[in-house]
Amino acid sequence: MGSCHIGPTFPAWLQSQKDLQYLDLSNASISSSIPNWFWNISSNLEYLILSHNQLQGKLPNSNIGEFLPNLYFLSFSGNGITGTIPDSIGHLTSLGVIDFSSNTLTGSIPSTINNCFSLNVLDLGNNNLSGMIPKSLDQLQQLKSLHLNHNKLSGELPSSLRNLTGLDILDLSYNNLSGQIPAWIGTAFPNLVILNLRSNMFSGRLPSLLSNLSSLHVLDLAQNNLMGEIPVTLVELKAMDQDHNMSISSLYDNRSSYRYEERLIVITKGLTLEYTRTLSLVVSIDLSDNNLSGEFPEGITKLFGLMLLNLSMNHIIGRIPESISKLRQLSSLDLSSNKLFGSIPSSMSLLSSLGYLNLSNNNFSDKIPFIGQMSTFTESAFAGNPNLCGAPLVKKCQDEGKDKSVEDKIDSGFVDQWFYLSIGLGFAVGILVPYFV
């Protein structure tokens, strides 16, 4: 019944459906609170999907595990549910998927959730949850996808998280997490495809062991307080040096066609984009808005599958290497607001997939190689580099002025020669014509 208009309240006839196994009321225009009788519909219920409505009220504190002992898939995402996550959630021991994302839940993450031993997916993103990440989450040994993004979580990453060795996706972005990014992240998650720690308060240096994440396709550490050089070992991110799609472990359940749809917010081309079904196409590194320093990491140009690269708003120095042209899949490149210098390499004109470029506010010099793909970008891509010249900037290069002056002189001399020649010919004709007549 997903996407059927049956609201604004829960239909009363549901009370008589005692043998339900699958109940999908997503996008059903329900705007009431969840009635008490609803939790006692059917002890056979395995899939309960109430996402994308306007549900009100709180989740029950009663032992819903007693009434729904077989529940595997529970989704209330995209509603207006308030209050805390009840401790009774830990009684739903058969759960494989919990999706409470995009509500207004408050309080801390209950430690009892570690009793849900079969969890594959835990998505509590886009709420107002606070406190620290429970150390007890390490009991969820089957967990593949953990989304705690867009909350108010604080403290350091608990070392117990390293026991979640089956993780494919770890999204802790947009919180108040602090401390250093622990080195064990690089060794604990051999299957990790997405690591998103964006917009927190992490400090210190980037651990070189991040290069051990051989399955990683998306690395987003933007908007933190990270410092030091970008590790040269990033060139060892093996999944990024190949031109193929990511492989996320299937989150389908063999018992039905229902699934949890992974999604990722990517900041690119100056826009905020949400990837869902096309998520497998994204290969991205975003280290922007930190305090990173040192030279441009030339090893990154060996990550041939890279599509999005953002190193903007740091203190990176040096030149863009000519080998940047090897990134043939690159569609977005942002190196703005750094301290890069020298000429812009002409090889960048070969980046035929490049649709967004921002080199503004650096110390680049000389003539812009305004050919090939580079000729598709406007002045804003190069602004704030006082020593740059040539199209598309208004400022002309000195050699362009000289060349024009030489051309003008040649053209002027050529006209003068023809002028005097024509006068001479006219004079000769004036003398000779009367003679022959």
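How much space lies in the largest pocket? This is a predicted model, and in it the largest pocket holds about 660 Å³ of space. The lining consists of 34 residues, and those closest to the pocket centre are His52, Ser77, Asp99, Glu261 and Arg263. Sorted by class, the lining has 16 polar, 11 charged and 7 nonpolar residues. Two strands to look for are S3 (73–75) and S15 (264–268), each of which supplies at least two of the lining residues.

Now the protein as a whole. There are 25 strands and 3 helices. The protein has 437 residues, and 51% of them are buried. Taking contacts with a separation of 6 or more, 56% are between residues 24 or more positions apart. The accessible surface is about 19900 Å², with 52% of that area belonging to carbon and sulfur atoms.

Where is Asn120 found? Asn120 sits in the loop between strand S4 (97–99) and strand S5 (121–123). Is Asn120 buried or exposed? The relative accessible area of Asn120 is 19%, and the cut-off for buried is under 20%, so Asn120 counts as buried. Leaving aside residues up to four places away in sequence, Asn120 touches Tyr72, Gly96, Gln142, Leu143, Lys144 and Ser145.

I can take questions now.

Terms used: Residues numbered from 1 in each chain as written. Predicted model: local features only at pLDDT ≥ 70, side-chain atom pairs only at ≥ 80, totals over all residues. Heavy atoms only, no water. Helix = DSSP H or I, 4+ residues; strand = E, 2+ residues; numbered from the N terminus. Buried < 20%, exposed > 50% of the residue type's maximum accessible area, 1.4 Å probe, protein only. Contact = heavy atoms within 4.5 Å. Areas by Shrake-Rupley, 256 points an atom, 1.4 Å probe, with all protein chains shown as cover. 1 Å grid on protein atoms, 1.4 Å probe; cavity = no way out; pocket = protein on both sides within 12 Å on 5 of 7 lines; lining within 4 Å. Points joined across faces, edges and corners; volume = space filled by probe spheres on them. Nonpolar A, V, L, I, M, F, W, Y, C, P; charged D, E, K, R; others polar.
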